[in-house]
Amino acid sequence: MAIRKIVTQGDPVLNKPCHPVTQFDQKLWDLLEDMHDTLAQSNGVGLAAPQIGILRRVVLVINGEDEVIELINPTIIHTAGEQEGLEGCLSVPGKWGIVKRPMRVRVRAQDRNGTWFEVEDEDLTARCFCHELDHLDGHLFSELADQLYTAEELDAMMEEEE
């Protein structure tokens, strides 16, 4: 299909809540295919529709087995535990921050045909679920991080720890 331009912090679309998907048709399938292509080209682990300028509740997440999970109208229905770790974002290029997230997350969503399902995962995939679903409500990870770091600052921090 097509690789879409990823919008970056400062674009007002990233701060707006997304609308639910109500039609499961070719237009949605084309959006999903474009998101697949865009995510593959970006080397990210997740992508939300507002990151390509589309205010719809659509998310892709790559799990630990390198499978792409399509989530339409997703909602987090259960969380457990806590983890703290480094996050970055395709819409906040060159910046990373330490963010607290749940260790395990269960999401209820629809597939590309409108069928409801649940998916649960932990660690990085759980973090990714939370991160991408935040985009659907107009929030960026940078709102949760106490400080943002550049690649050079992260390298310096790693060297200090050695």
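This is a short tour of a predicted model, one selection at a time.

**Stop 1**

Together they make an open sheet with the order 1-2-3-6-7, and the pairing is antiparallel. Look at the edges: strand 1 (46-48) and strand 7 (116-122) each have a single partner strand, so one side of each is left without a neighbour in the sheet. On average, neighbouring strands here are turned by 35 degrees against each other, direction ignored.

What holds strands in a sheet together? Strands of a sheet pair through backbone hydrogen bonds, either parallel or antiparallel.

**Stop 1: strands 2 and 3**

Zoom in on residues 58-62 (strand 2) and 68-80 (strand 3), an antiparallel pair with five bridges. Pick out Ile62 and you'll find Val68 of strand 3 opposite. Then try Leu60, which faces Glu70 in strand 3. Between the two strands of this hairpin sit five residues, and Asp66 has a positive phi near 60 degrees.

Carry on along strand 3 to its other partner, strand 6. These two run antiparallel as well, joined by six bridges. Select Ile76 here, and Val107 in strand 6 is the residue opposite.

**Stop 2**

**Stop 2: helix 2**

Now select residues 123-136 for helix 2, which lies across strands 1, 2, 3, 6 and 7 and runs at about 160 degrees to strand 2. From its first C-alpha to its last, helix 2 reaches 21 Å, close to the 20 Å expected for its 14 residues at 1.5 Å a residue.

Is helix 2 largely enclosed or open? Of its 14 residues, 11 are buried, so the helix is largely enclosed by the rest of the structure. Among the buried ones are Thr125, Arg127, His131 and Glu132, along with Phe129 and Leu133.

**Stop 3**

Leaving aside its neighbours within four places in sequence, its contacts include Val59, Val107, Phe117, Val119, Phe129 and Leu133.

**Stop 6**

Finish with strand 4 (residues 83-89) and strand 5 (residues 92-101), which run antiparallel and are joined by seven bridges. They form a hairpin with two residues between them. For a pair to click on, take Leu86, which stands opposite Ile98 in strand 5.

Which strand has a two-bridge antiparallel pairing with strand 5? Select residues 148-149: this is strand 8, and it is that partner. Click on Gly97 last, and look for its bridge partner Leu148 in strand 8.

Notes:
Residues are numbered from 1 along each chain as its sequence is written. This is a predicted model: local features need pLDDT of at least 70, side-chain atom pairs count only at pLDDT 80 or more; totals for chains, interfaces and linings use all residues. Side-chain values use heavy atoms; hydrogens and water are left out. Two strands pair if DSSP finds at least two bridges between them. Helices (H or I, at least four residues) and strands (E, at least two) are DSSP runs, numbered from the N terminus. Axes are lines fitted to C-alpha atoms, for helices over the stretch in contact, and angles run from 0 to 180 degrees between N-to-C directions. Contact means heavy atoms within 4.5 Å. The expected span of a helix is 1.5 Å times one less than its number of residues. Buried means under 20% relative accessible area, exposed over 50%, partly exposed in between (1.4 Å probe, protein chains only).
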